Amino acid sequence: MLAMTRKTMIKEMILEHKSVTVSELARKFSVTEETIRRDLKVMEEAGFLIRTYGGAYIQDGVQNEIDIAVRETACVENKIRIAQTCAKLIHNGDSIFLDCSTTAFFICEQVKNMRITVLTNSLKVANFFAIYSNIHLIMMGGIFNNVNMSFVGKITTNALGDFYVDKAFISCRTLSIEHGVTDSNEQDADIRQMMLRRANEVYVIADYTKFNKTSFISVDNFENVDVVITDQPLDGRWHQFFEERKIKCFD
């Protein structure tokens, strides 16, 4: 197969699925992973996609659910910065909710030595904290979503309805001034909406790539958000928007 043909097919795949991994592309096209990485580098330089260690993704499209294997290696330093800010706002004795986002997962490392209660639907978060006796861990079951490594569905949301937490740390797919906090699928949105109503303080955590975009389903219009934490300075329009709604912003 010609390199040009392969790149065209890769573009078609990523436009449809929004993310790809190097390993799956190498298997599909019977080439080395290094060849695929070179292809993705060319596409990134052309502004078509964003590369990560294990693959690549695009932000376009309202239904844009990126595989966790790709997301967890994207913007790592940015997510660590967000997690460090979050950790300063968490205190011993707090009960917190961490969702299934990779940004929330980075908070785990920052708070692992604290004495807190963690409520989560994320298998990765639960596995991380399983060895820490100082963490009171409460895991929500339900239908397993292997894209996000999390539990979702009515079983999960119904179980979450029995709990209240001091602080909920939720991410999302995108945020915009016009359309609020939006997500790529209904099941994750349901869980985040539930925790918006079950937390004394709601923290939306999102790296800079998620701003000024809109996804498939609404999570909140910022009415229930107390704090927004990101990793790069936002423009004045966002700060004015947050100030008018009495939302704190750490950027």
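**View 1. Strand 9 (residues 165–170) pairs with strand 12 in the parallel sense.** The two strands share 5 bridges. Val165 has Ala199 of strand 12 as its bridge partner. Strands are DSSP runs of E with at least two residues, numbered from the N terminus. Two strands pair if DSSP finds at least two bridges between them. This is a predicted model, where local features need pLDDT of at least 70, side-chain atom pairs count only at pLDDT 80 or more, and totals for chains, interfaces and linings use all residues. Residues are numbered from 1 along each chain as its sequence is written, and side-chain values use heavy atoms, leaving out hydrogens and water.

**View 2. Strand 12 also runs parallel to strand 14 (residues 227–229).** Here 3 bridges join the strands. Val204 stands opposite Val228 of strand 14.

**View 3. Strand 12 (residues 199–205) is largely enclosed by the rest of the structure.** Why? Because 5 of its 7 residues are buried. Buried means under 20% relative accessible area, with a 1.4 Å probe and protein chains only. In a regular strand, side chains alternate between the two faces of the sheet.

**View 4. The model has 0 disulfides.** A disulfide is a pair of cysteine sulfur atoms within 2.5 Å. Cys86 is in no disulfide, and its nearest cysteine sulfur, in Cys108, is 11 Å away. For Cys108, the closest cysteine sulfur is that of Cys86, and 11 Å is too far for a bond.

**View 5. Are Cys86 and Cys108 buried or exposed?** Cys86 has 0% relative accessibility, so Cys86 counts as buried. Cys108 is buried too, because its relative accessible area is 0%.

Technical notes:
Buried means under 20% relative accessible area, exposed over 50%, partly exposed in between (1.4 Å probe, protein chains only). Helices (H or I, at least four residues) and strands (E, at least two) are DSSP runs, numbered from the N terminus.
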